[in-house]
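Subject: Structure handover

Hello,

Here is the structure for you to look over. Please open it first; my notes follow below.

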Amino acid sequence: MSIKPARTRVAPSPTGHAHLATARVALYDYLLAKKTGGQFVLRIEDTDLKRTVPGTEQEIFDGLRWLGLQYDEGPDIGGKFGPYRQTERREIYMHHSKTLVGNGSAYPCFCTADHLEKVKQEQMKRKENPHYDGTCRNIDPGEAARRIANGEKYTIRFKMPKEGVTIAHDHVRGDIVTENAQLNDYILMKSDGLPTYHFAATVDDHEMQITHVLRGSEWLGTFPLHVNIVRAFGWEEPVWVHLSVFLKPSGKGKLSKRDTTLAASEGYSVFIKDMNELGFTPEGVNNWVALMGWGVAEDDVMNLDQMIERFSIDHLTPSPAAINFQKLDHFNATHIRLFTTEDLAGRIKPYFTREGLNVSDDVLLKVVPLLRERLVTLDDCLSFGSFFFKDDVTPAPEDLIAKGLDAKQSAAVAQRVYQILLAQPDISHERCEPPLRAYVEESGLNANQVFGNLRVATTGQKVSPPLFETMEIIGREKCLARIKNAIEVLEKM
RNA sequence: GCCCCCAUCGUCUAGUGGCCCAGGACGAAGCCCUCUCAAGGCUUAAACCGGGAUUCGAAUUCCCGUGGGGGCACCA
């Protein structure tokens, strides 16, 4: 494997909640950088002042850290290619735009937004493709300078070649050939003095010495522009990789707001910030997201280190991928089963305490092995194991009645079980299981009837971790008290 | 409307001309295990969008359809 260190970057805009697509690009960027011994950079693309949402930048920082994708350079940690927020790099773009105007690759444009809109309407009426009509393309430089000096508002446009084709090379798709006549004189610098995405990103990628640009395929349309900008400067091109888009779970259309709400109603989310609260783990999310767009033949359960080991941009896939939350569940559950007891204990504890439960670490450490393979999401620990941390349980009376028996018979069974347990010196599962099984035998009842009854009595619920191990953790005194209570309830029915 | 991209089981994918009557994973179905729920084990169903062309040979190359997706802003 070639070992030239790659510098990669994820460049989200702080305009909304960071979501899955950002997580995936960041993951691939991170994997590629780590694999090659390079750096992974976070850059904030905040040039659209109107759309910036306060707080979302912090959400990006937090989200990436939660995922374990710590960047080597970024706005909150610095680095030698900073600043890493585009609004703090105005002079850099200004400087470079002058270079392009100077070498004839770009020009100032004085057209107003109103004028542009009118032109566009007319073009559409004539069924032409909307494009800049070139009013300012050939303004004499002297005149332009005069108008600028006069305080006239202007933008800087890229002077796209009128003829020929642009060949842009994408690493997963090969050469993409576009007729220059299809291309527009895109705006590089807005009249507010800030750059557009196209300009800012290409300038920054060069300035920050980014070697591999990974981004969503929504950029394919303006890809030729970006390539032309790089070439107008005479800079070296990075390796371009356009990733597939995420489609809604049905596969029909790309993820929309509506799907987002739907996901939320079913306990899922496409926002990174929600994942933790919903009980998903960074390992699960990373693994899930990694495999949408990265083809792995077999053994697809991987942690970050294993992904670094195996990752290659040669195995990225170009086709759109429908997201599948069932698979998220699967990866999450699988990773949970791989966690050590201590690790998992630390991860589920907050879900208990969040519910106001008093969690003793001693008990928790004993509970975890019983819970581990039953958890799909971390917060499932609540439904399976809350009773471990409660003083009392209050089973629904009807649940105490064993299948096929009535209340009175159930009470008798419980009574018998109580006597058997009382006779044991301790409540270890090794000690208690044999005599109770013997009782099942001699009573002619089935295990389900006896143990089910006991389960509800001691845990308060019909579904629980394995009974005997569970009772052992609950403790002799509490178990006996709970069974006694159950008997009373049954006798009153 | 114009431009661009994509196309293997329901879904994510492996496959880079013969190893493919197409492999893995999720999901589904069945069986085993079993004190509930899980986990685990075994098994089954399930795909190369259509048509041409190249070739001794095509899921794999080319062309044309069709379908899906993206873009056509002083938004990213």
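**RNA surface**

The surface near RNA strand B is made up of 27 nonpolar, 20 polar and 19 charged residues. Here Ala, Val, Leu, Ile, Met, Phe, Trp, Tyr, Cys and Pro are nonpolar, Asp, Glu, Lys and Arg are charged, and the others, Gly among them, are polar. "Near" means that a heavy atom of the residue lies within 4 Å of the strand.

This is a predicted model: local features need pLDDT of at least 70, side-chain atom pairs count only at pLDDT 80 or more, and totals for chains, interfaces and linings use all residues. Residues are numbered from 1 along each chain as its sequence is written, chains are lettered from A and ligands numbered from 1 in the order written, and side-chain values use heavy atoms, with hydrogens and water left out.

Of the 66 residues around RNA strand B, the nearest are Arg173, Lys190, Leu291, Arg374 and Arg455. Elements are DSSP runs numbered from the N terminus: helices are H or I with at least four residues, strands E with at least two.

**Polar contacts**

A polar contact is a pair of N or O atoms within 3.5 Å; within protein, one must be able to donate a hydrogen and the other to accept it, and residues adjacent in sequence count only if both atoms are side-chain atoms.

- The side chain of Arg455 has an N or O atom 2.3 Å from a base oxygen of RNA strand B.
- A backbone N or O atom of Pro466 is 3.2 Å from a base oxygen of RNA strand B.
- The side chain of His330 has an N or O atom 3.5 Å from a phosphate oxygen of RNA strand B.

Gln461 sits in the loop between α18 and α19. A polar atom of its side chain lies 2.9 Å from the backbone oxygen of Ser383. A polar atom of the Gln461 side chain also lies 3.0 Å from the backbone oxygen of Val463.

**Helix α4**

The 13 residues of α4 should span 18 Å at 1.5 Å a residue, and its end C-alpha atoms are 18 Å apart, so the two agree. The expected span is 1.5 Å times one less than the number of residues. Just after α4, Lys127 has a positive phi of about 60°.

Best wishes
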